Amino acid sequence: MNRRAEPSAGPSQRMLRVGELVRHALADVLSRGDHIDPVLAGHIITVPEVRMSPDLKIATCYVMPLGGKDITPVIKALADNARRLRGEVARRVELKSVPELRFRKDTSFDEGARMDALLRSPQVQRDLDGEDALDQNPTDKETDAE
């Protein structure tokens with residue numbers, strides 16, 4: 001029997017656990033504020049998610065500066081200091097090998113705002129009003145049949 005998970009099965013429990021450990025360590029390093037880089041020192045950076053590769057060699061860190069301003073220079077500064085940040089993560093997390101850190105813009109807030117706008121759109125509101133009317137009609141039919 002082959003016990004390997006299918007590629008579409010999603011992240012394994014180990015990938016999720018290591019990702020959370022790296023996220024906590026990286027957030028701790030960034031929150032301390034003792035950075036050499038002036039761009040990083042001038043921003044409060046959140047790390048909402050870290051996704052690990054299946055072999056745990058690469059950690060894709062999704063980051064966002066507070067307020068969402070200056071994302072491009074912050075990502076560049078994080079990439080430039082990735083080696084130093086990796087060393088700090090290695091001191092805080094006990095792993096067989098410390099993953100390479102890659103930084104990306106976190107788009108989950110944008111996606112949430114987009115979904116909120118979609119749910120508030122007139123088309124969705126019209127459909128929701130139509131469901132209320134459908135919910136009332138079957139009870140009306142039942143009372144007519146009696």
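User: Why is Arg-126 called exposed?

Analyst: Arg-126 has 55% relative accessibility, so it counts as exposed. The cut-offs are these: buried is under 20% relative accessible area, exposed is over 50%, and partly exposed is in between (1.4 Å probe, protein chains only). This is a predicted model, where local features need pLDDT of at least 70, side-chain atom pairs count only at pLDDT 80 or more, and totals for chains, interfaces and linings use all residues. Residues are numbered from 1 along each chain as its sequence is written, and side-chain values use heavy atoms, with hydrogens and water left out.

User: What makes the contact of Arg-126 and Asp-127 a salt bridge?

Analyst: A salt bridge is a side-chain nitrogen of Lys or Arg within 4 Å of a carboxyl oxygen of Asp or Glu. For Arg-126 and Asp-127 the N to O distance is 3.7 Å, so the pair meets that definition. Asp-127 has a relative accessible area of 44% and is therefore partly exposed.

User: Which residue forms a salt bridge with Arg-51?

Analyst: Glu-49 does, and the closest N and O atoms are 2.8 Å apart. Arg-51 is partly exposed because its relative accessibility is 45%. Glu-49 is also partly exposed, with a relative accessible area of 29%.

User: How many salt bridges does a search of the whole structure find?

Analyst: The search finds 11. Asp-28 lies in helix α1 (residues 13-32) and Arg-92 in helix α4, so the pair ties together parts that are 64 residues apart in sequence. Helices here are DSSP runs of H or I with at least four residues, strands are runs of E with at least two, and both are numbered from the N terminus. Asp-28 and Arg-92 also belong to a network of salt bridges with Arg-32, Glu-88 and Arg-91.

User: How do you know in which sense β1 and β2 pair?

Analyst: Two strands pair if DSSP finds at least two bridges between them. β1 (residues 45-52) and β2 have 6 bridges in the antiparallel sense. In β2, Thr-60 is the bridge partner of Arg-51. β2 also pairs with β3, in the parallel sense and over 6 bridges. There, Glu-100 in β3 is the bridge partner of Ile-58.

User: What is stated about phi of Leu-56?

Analyst: Leu-56 has a positive phi of about 60° although it is not a glycine. Leu-56 lies in the loop between β1 and β2. At 14% relative accessibility, Leu-56 counts as buried.

User: What makes Lys-96 part of a positive surface patch?

Analyst: The patch is formed by Arg-14, Arg-17, Lys-57 and Lys-96. Lys and Arg count as positive, Asp and Glu as negative, and His and the chain ends are not counted. Patch residues have over 30% relative accessible area and no salt bridge, with like charges joined within 9 Å and nonpolar side chains (Val, Leu, Ile, Met, Phe, Trp, Tyr) within 5 Å. Lys-96 has 89% relative accessibility and so counts as exposed. Lys-96 is found in the loop between α4 (82-92) and β3 (100-105).

Conventions:
Areas by Shrake-Rupley, 256 points an atom, 1.4 Å probe, with all protein chains shown as cover. Charge placed at Lys NZ, Arg CZ, Asp CG, Glu CD.
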